[in-house]
Amino acid sequence: MQSTRIGELLSQQAHLTTHDVQEILAEQVSTRKPFGQIALQWGLVQPEDLWRAWFEQLSTTAPTVKLAKIGVDSRAVSMVPRQLAERLGVLPMRVFENQILFAVDQKPTAELSSELSQALGCTVKFVVADAKDIQDGLRYYYINAA
């Protein structure tokens, strides 16, 4: 299933005009920067708009990411008990509104999503990352969060 492009989501949520989108796309071709980063730098969207659009985009896909590039928010780690994260092999990464983003090492199952959602009382989203990076992250963030 193909996810909705971030520009389309931002157009709907942050009310970017067609002209804004075309200008950002032209800039993107020359700079190779992500659409959302350009829109944010130009003051056309707020960080919350970008987070909301990204989390909506994650409703339809679990893209593969590099954990070192995205980083981990300590608030997310503090919301998920260490034992739960280790048992399920998930690394909490971000919190936005009533949603938590997790890194997993393979496409997430409906069972995993349901278990996390029920245990935490919130909506869960996923990205896929290297298994070793997730294990390293669990050790690092939970030791440093203690």
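**Helix H4 and its surroundings**

Analyst: In this predicted model, the contact between helices H1 and H4 brings Ile6, Leu9, Leu10 and Gln13 of H1 against Asp49, Leu50, Arg52, Ala53, Trp54, Glu56 and Gln57 of H4. By residue class, this contact comprises six nonpolar, two polar and three charged residues. Helix H1 covers residues 6-13 and helix H4 covers residues 47-57.

The geometry of the pair can be stated briefly. Two packed helices are described by the angle between their axes and the distance between the axes. For H1 and H4, the axes come within 9 Å and cross at roughly 125 degrees. The two helices are therefore oblique to each other, since an angle over 145 degrees would be needed for roughly antiparallel and one of 65 to 115 degrees for roughly perpendicular. The crossing of H1 and H4 is right-handed.

Alanine 53 belongs to helix H4, and its relative accessible area is 0%, so it counts as buried, the cut-off being under 20%. Leaving aside residues up to four places away in sequence, alanine 53 touches Ile6, Leu9, Leu10 and Gln13. Alanine 53 and glutamine 13 stand 40 residues apart along the chain, yet their C-alpha atoms are separated by 7.5 Å.

Alanine 53 is one of the buried residues of H4, which are Asp49, Leu50, Ala53, Trp54, Phe55 and Gln57.

Glutamine 99 is placed in strand E2. With a relative accessibility of 13%, glutamine 99 counts as buried. Residues up to four places away in sequence again being excluded, glutamine 99 touches Phe55, Arg94, Thr123 and Lys125. Of these, Phe55 is one of the buried residues of H4.

The contact of glutamine 99 with lysine 125 includes a polar contact between the two side chains, at 3.3 Å. Lysine 125 is located in strand E3, which runs over residues 123-128. Because its relative accessibility is 8%, lysine 125 counts as buried.

Glutamate 97 lies in the loop between E1 and E2. Its phi is near 50 degrees, a positive value in a residue other than glycine. At 53% relative accessibility, glutamate 97 counts as exposed, the cut-off being over 50%. Arginine 32 is situated in the loop between helix H2 (18-31) and H3. Arginine 32 likewise is not a glycine but has a positive phi, of about 65 degrees. Its relative accessibility of 74% means that arginine 32 counts as exposed.

Definitions and conventions: Residues numbered from 1 in each chain as written. Predicted model: local features only at pLDDT ≥ 70, side-chain atom pairs only at ≥ 80, totals over all residues. Heavy atoms only, no water. Axes fitted to C-alpha atoms, helices over the stretch in contact; angles between N-to-C directions. Helix = DSSP H or I, 4+ residues; strand = E, 2+ residues; numbered from the N terminus. Parallel < 35°, antiparallel > 145°, perpendicular 65-115°, else oblique. Left-handed = near helix turned anticlockwise from the far one by under 90°. Contact = heavy atoms within 4.5 Å. Nonpolar A, V, L, I, M, F, W, Y, C, P; charged D, E, K, R; others polar. Buried < 20%, exposed > 50% of the residue type's maximum accessible area, 1.4 Å probe, protein only. Polar contact = N/O pair within 3.5 Å; in protein donor to acceptor, adjacent residues only side chain to side chain.
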